[in-house]
Amino acid sequence: MTMKRTSSNPLPSLGRSVLALGLEGSANKLGAGIIRHSPDGQSAVLSNVRHTYITPPGEGFQPRDTALHHRQWAFKVINDALSTAGVSLSDLDCICYTKGPGMGAPLQSVALVARTLSLLHEKPLVAVNHCVGHIEMGREITGAKNPVVLYVSGGNTQVIAYSRQCYRIFGETLDIAVGNCLDRFARVLNLSNNPSPGFNIEQTAKLGKRLVPLPYTTKGMDVSLSGILTAIEAYTLDKHFLLDGNPTLPEDQDAITPADLCFSLQETVFSMLVEITERAMAHIGSKEVLIVGGVGCNERLQEMMGTMARERGGQVFATDERFCIDNGIMIAQAGLLSYRMGLATPMSKAICTQRFRTDEVHVSWRA
């Protein structure tokens, strides 16, 4: 896949093509990707390999077990990425890894792999903010120039816009992230974690016909999601709740099915996200919305956001599951942008952190 940069401020050319390996493992997905930037500004995704740690229905993933998964699969995932790209470690210009935010133990596992490869092959390290990786990959794939970004994933919910070499956070969740909210309710319903609980919530919601009342909590530019999760869990204890969703059960006009609850949860939460995104668009005068993060794959969210954007004379940009869900290539892309600006991470500072905010990053590659 070859892409042309759309930035009005081209990056400095190194006079040759540059290659980066990106390693991602901030949650239950381990990814390795290799990207190439050519001297004329073309970007090419050479490989994007991912392996997901999947737990049984009704169970979440624990940091210790997730870290063990990453250690067990790191060698194969990286080798597959190199093989698919047709390059070797000696061909790389830099090795990029996720510094944070994310789960501590999985982050440490991947950071250790990155440091080891850097030392063995004498390659510069570039520590990458996970959120910025999503944004830069989204911009590169879609061609969005200066959008309001809605970043929605299992661990993050933020409305972001760029200003003065920084991605500014206009609004965010005050408690749990939208992906966490969806995942936790999927566990209540005992939905499968394969390929992901959020995906199975989305598919179940398509069968829903009834919108049940749920708390709608926006506070300025921020949202609160813990209350809506508590409220929807309470519906599963209602005497009218049909756990198996069987329409042939006794005719009850008040019957509530799992599909109804999934539908109601999506409609309510996504309406809140559309509201705060529109508010940010009005504030900065933008007509572009870029949706990134794992929840950004949700077609209903994209549809609702698209309706709002069209009413404002704008448009929505989003990617498919290859680039929306956590992956190594987004870390490679953001890391290579930093590397081309002359930035690298000394080994003494090649750490990881669970708390690394989007607005802490100096976005030196954008003017």
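In the hairpin that β8 and β9 make, four residues lie between the strands, and R164 takes a positive phi near 55 degrees. That is a friendly place to start a walk through this predicted model, in which local features need pLDDT of at least 70, side-chain atom pairs count only at pLDDT 80 or more, and totals for chains, interfaces and linings use all residues. Residues are numbered from 1 along each chain as its sequence is written, and side-chain values use heavy atoms, with hydrogens and water left out.

Two strands pair if DSSP finds at least two bridges between them. By that rule β8 and β9 pair in the antiparallel sense, over five bridges. Y162 has Y167 in β9 as its bridge partner.

Now let us step back to the sheet around this hairpin. Its five strands follow the order β9-β8-β7-β12-β13, and the sheet is open with mixed pairing. The edges belong to β9 (167-172) and β13 (315-318), each with a single partner strand, so one side of each has no neighbour in the sheet. On average, neighbouring strands of this sheet are turned by 25 degrees against each other, direction ignored.

Contact here means heavy atoms within 4.5 Å. Axes are lines fitted to C-alpha atoms, for helices over the stretch in contact, and angles run from 0 to 180 degrees between N-to-C directions.

Helix α7 also has helices beside it. Two packed helices are described by the angle between their axes and the distance between the axes. For α7 (residues 258-284) and α8 (residues 299-311), the axes come within 10 Å and cross at roughly 40 degrees. The two helices are therefore oblique to each other, where angles under 35 degrees count as roughly parallel, over 145 as roughly antiparallel, 65 to 115 as roughly perpendicular and the rest as oblique. On the α7 side, the residues that meet α8 include Q266, F270, L273 and V274, and on the α8 side they include L301, M304 and M308. By class, this contact of α7 with α8 has eight nonpolar, three polar and three charged residues. For these classes, Ala, Val, Leu, Ile, Met, Phe, Trp, Tyr, Cys and Pro count as nonpolar, Asp, Glu, Lys and Arg as charged, and the others, Gly among them, as polar.

How does α5 pack against α7, and at what angle? Helix α5 (residues 197-205) and α7 have axes 7 Å apart, at an angle of about 110 degrees. That makes α5 roughly perpendicular to α7. Here I201, E202, T204 and A205 of α5 meet P258, A259, C262, F263 and Q266 of α7. The residues of this contact divide into six nonpolar, two polar and one charged.

Another helix to look for is α4 (residues 178-188), where the buried residues include V178, C181, L182 and F185. Buried means under 20% relative accessible area, exposed over 50%, and partly exposed in between (1.4 Å probe, protein chains only). The buried residues of α4 pack against β7, β8, α5, α6 (226-235) and α7. Just after α4, N190 takes a positive phi of about 65 degrees.

Next, turn to strand β2 (residues 18-24), where seven of its seven residues are buried. Both faces are covered, with V18, A20, G22 and E24 on one side and L19, L21 and L23 on the other. Strand β2 pairs with β3 (residues 29-37) in the antiparallel sense over seven bridges, and the two form a hairpin with four residues between them. L21 has I34 in β3 as its bridge partner. Strand β2 also runs parallel to β5 (residues 94-100), joined by four bridges, and there G22 is partnered by C96.

Our last stop is A67, in helix α1 (residues 63-85). A67 is buried, with a relative accessible area of 3%. Leaving aside residues up to four places away in sequence, A67 touches A105, P106 and S109. A67 and Q108 are 41 residues apart in sequence, yet 8.0 Å apart in space, C-alpha to C-alpha.
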